[in-house]
Protein chains: 4
Amino acid sequence: MSSLKTIAIKRLKERGVEIKDIAEIVYKLQYKYFDKLTIEDCIDSVSNVIAKREVINAVLTAIAIDEAVEKNLLDEPINSIIKNDDSLYGIDEILPLSIVNIYGSIAFTNFGYLDKVKYGIIGKLDKLGKEKKQCHTFLDDIVCAIASSAASRLAHKK
Amino acid sequence: MSSLKTIAIKRLKERGVEIKDIAEIVYKLQYKYFDKLTIEDCIDSVSNVIAKREVINAVLTAIAIDEAVEKNLLDEPINSIIKNDDSLYGIDEILPLSIVNIYGSIAFTNFGYLDKVKYGIIGKLDKLGKEKKQCHTFLDDIVCAIASSAASRLAHKK
Amino acid sequence: MSSLKTIAIKRLKERGVEIKDIAEIVYKLQYKYFDKLTIEDCIDSVSNVIAKREVINAVLTAIAIDEAVEKNLLDEPINSIIKNDDSLYGIDEILPLSIVNIYGSIAFTNFGYLDKVKYGIIGKLDKLGKEKKQCHTFLDDIVCAIASSAASRLAHKK
Amino acid sequence: MSSLKTIAIKRLKERGVEIKDIAEIVYKLQYKYFDKLTIEDCIDSVSNVIAKREVINAVLTAIAIDEAVEKNLLDEPINSIIKNDDSLYGIDEILPLSIVNIYGSIAFTNFGYLDKVKYGIIGKLDKLGKEKKQCHTFLDDIVCAIASSAASRLAHKK
């Protein structure tokens with residue numbers, strides 16, 4: 001499994017997402033509930049989340065769909081529907097449930113929050129997608145899910 | 001079913017929640033996506049949501065648990081665990097899934113958002129609970145769910 | 001939307017799934033709860049489920065992924081992981097939540113049941129996938145979801 | 001937490017459910033996938049599931065509602081609606097999501113399956129409820145959830 005984790009991290013990086021980017025979102029969500037929370041704590045929590053098989057499967061699947069859409073490899077009309085990332089498409093918000101569900105209700109509510117406020121790298125991915133430069137329809141929601149799960153993990157360990 | 005809807009609205013009112021309170025949250029979530037959204041549109045959408053059997057069941061169950069806890073009718077330690085509304089309790093955020101699930105992913109993400117920002121009546125219920133004046137551990141999340149579902153319903157009808 | 005529904009039905013057919021195949025599963029799930037349930041009632045319920053935007057999006061996305069995997073268009077290792085349809089992959093059972101969630105808890109429990117017993121066309125798709133003749137990793141679960149949702153819809157209308 | 005686990009096990013026992021009863025269901029779900037699965041392995045897995053805070057909260061909440069209904073402590077009409085355990089009530093199948101979600105998609109599909117086939121103690125609780133001797137509207141679904149989660153846990157550890 002450790003090699004699959006390495007692949008997931010490499011693929012995230014290729015799509016413009018570093019562990020540290022996600023850790024910064026976790027910090028923003030959680031610092032006020034801790035006496036002394038460091039960015040290293042958040043990096044550690046994100047790294048633990050990405051080690052889970054369900055999370056690796058979700059990351060690799062999401063990136064594979066986004067890239068296939070970018071290269072117009074899928075049939076129409078679904079290729080265009082995914083590329084346009086319409087708010088009524090909805091499947092991109094379902095896939096991350098495979099991540100947030102396993103981290104309990106704090107992960108689940110933070111996921112909905114991040115999907116609206118789009119902190120940091122989430123907003124950046126969303127903007128690149130809206131400008132049609134790349135397709136991140138699935139990846140931005142996966143990043144929301146990893147960040148909210150890492151936040152929930154910290155809350156439970158406190 | 002219409003009489004069960006009437007009972008649900010009456011029970012919400014007895015616990016301090018008016019349809020209009022929920023409609024105001026819906027308006028705050030949705031006005032920016034519409035040319036001309038009125039509070040009446042929001043009241044209408046909330047009223048439609050509360051007509052559904054799953055929603056009525058969730059409302060009546062949530063209020064029944066909150067009231068039983070207020071009167072210390074449940075066994076310990078669960079009576080105190082619910083009364084304290086600890087962020088790790090988690091069951092209060094699961095029950096509303098019976099509502100938001102049926103209104104799709106926009107309902108689901110807005111639910112997480114409202115659970116954090118606690119607009120209007122949601123914050124008021126939360127505060128009353130925290131001050132131990134009443135128990136609204138379940139009801140505040142149900143109100144989040146009705147508001148986010150009514151918002152999703154408007155988004156889908158647009 | 002009606003043309004998208006037509007496309008979804010056409011794509012299902014190309015992948016070997018007829019409305020009638022799904023209706024037969026619905027009948028098997030529901031006939032014992034009705035005095036007189038006909039296969040036409042079941043066809044009608046399936047047809048209504050497939051008219052929903054969330055369902056159309058899920059059908060088209062699932063088939064697009066299966067076909068991309070069949071043609072080895074996705075990166076490794078995820079192409080092989082999906083092709084092998086390992087019971088620990090898990091994403092194929094998450095995607096159908098976008099369908100069953102909107103039809104309530106009867107849809108949700110029937111989905112889990114069908115995923116195990118694999119009636120009719122579900123077992124056929126599963127077998128074709130296991131023999132590596134085609135990839136139906138996502139589609140077999142989508143068919144479970146449509147059948148269980150159509151069954152739930154009948155139960156609620158009774 | 002260990003004392004809360006002890007309380008959860010004691011409460012289950014008072015309501016007629018032994019760890020071994022749940023372990024027998026786990027065995028029935030999983031023995032065919034293992035070379036040599038013992039009932040002790042299943043007891044161990046059930047015990048691990050019941051150690052989780054989310055599971056303890058769900059167990060204690062479910063039993064508290066069932067007992068309150070048995071004693072007619074809740075308002076009408078919800079007291080009767082829960083007592084009758086109507087298939088359209090639906091909230092009793094939502095609460096266990098707090099358990100099955102954290103154990104992934106195998107837990108989730110097995111939950112739906114058990115809810116239909118009602119092996120062992122699940123069927124016994126259901127029968128007692130239907131005969132109006134006791135109220136187990138929530139508990140039978142919680143037992144389904146613990147068994148399916150313990151089964152998923154074994155599948156993941158294999």
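In which loop of chain A is the place of A:Leu37? In this predicted model, in which local features need pLDDT of at least 70, side-chain atom pairs count only at pLDDT 80 or more, and totals for chains, interfaces and linings use all residues, A:Leu37 lies in the loop between helix H2 (19-30) and helix H3 (39-50) of chain A. Residues are numbered from 1 along each chain as its sequence is written, while chains are lettered from A and ligands numbered from 1 in the order in which they are written. Helices (H or I, at least four residues) and strands (E, at least two) are DSSP runs, numbered from the N terminus.

A:Leu37 is partly exposed, with 17 other C-beta atoms within 10 Å; a residue is called buried if 20 or more other C-beta atoms, placed from the backbone, lie within 10 Å of its own, exposed if 12 or fewer, and partly exposed in between. Leaving aside its neighbours within four places in sequence, A:Leu37 is in contact with A:Tyr27, A:Gln30 and A:Tyr31, where contact requires that the C-beta atoms of two residues, placed from the backbone, lie within 7 Å. A:Ile9, by comparison, is 28 residues from A:Leu37 in sequence and 23 Å from A:Leu37 in space, C-alpha to C-alpha.

Chain A as a whole contains 10 helices and zero strands. Buried residues account for 57% of the 158 residues in chain A, and, among contacts between residues at least 6 apart in sequence, 73% join residues at least 24 apart. Helix H10 (residues 139-157) of chain A has 19 residues and should span 27 Å at 1.5 Å a residue, which agrees with the 27 Å between its end C-alpha atoms; the expected span is 1.5 Å times one less than the number of residues. H10(A) is mostly covered, since 17 of its 19 residues are buried.

Beyond its neighbours within four places in sequence, D:Ile146 is in contact with residues including D:Ile22, D:Val46 and D:Ile99.

Between chains B and D, 24 residues of chain B are in contact with 24 residues of chain D. Helices H4 (53-70), H5 (78-84), H6 (91-94) and H7 (97-100) of chain B each supply at least two residues of the side that touches chain D, and the largest share, nine residues, comes from H4(B). That side of chain B divides into 17 nonpolar, four polar and three charged residues, with Ala, Val, Leu, Ile, Met, Phe, Trp, Tyr, Cys and Pro counted as nonpolar, Asp, Glu, Lys and Arg as charged, and the others, Gly among them, as polar.

Chain B can be laid on chain D with an RMSD of 0.0 Å by a turn of 180 degrees and a shift of 0.0 Å along the axis, and the two copies are thus related as by a two-fold rotation axis; the superposition is by least squares on the C-alpha atoms of residues with pLDDT of at least 70 in both. B:Leu95 is the residue of chain B that comes closest to this axis, at 3.0 Å (C-alpha). Because 100% of the interface residues of chain B are also interface residues in chain D, the copies meet through the same surface.
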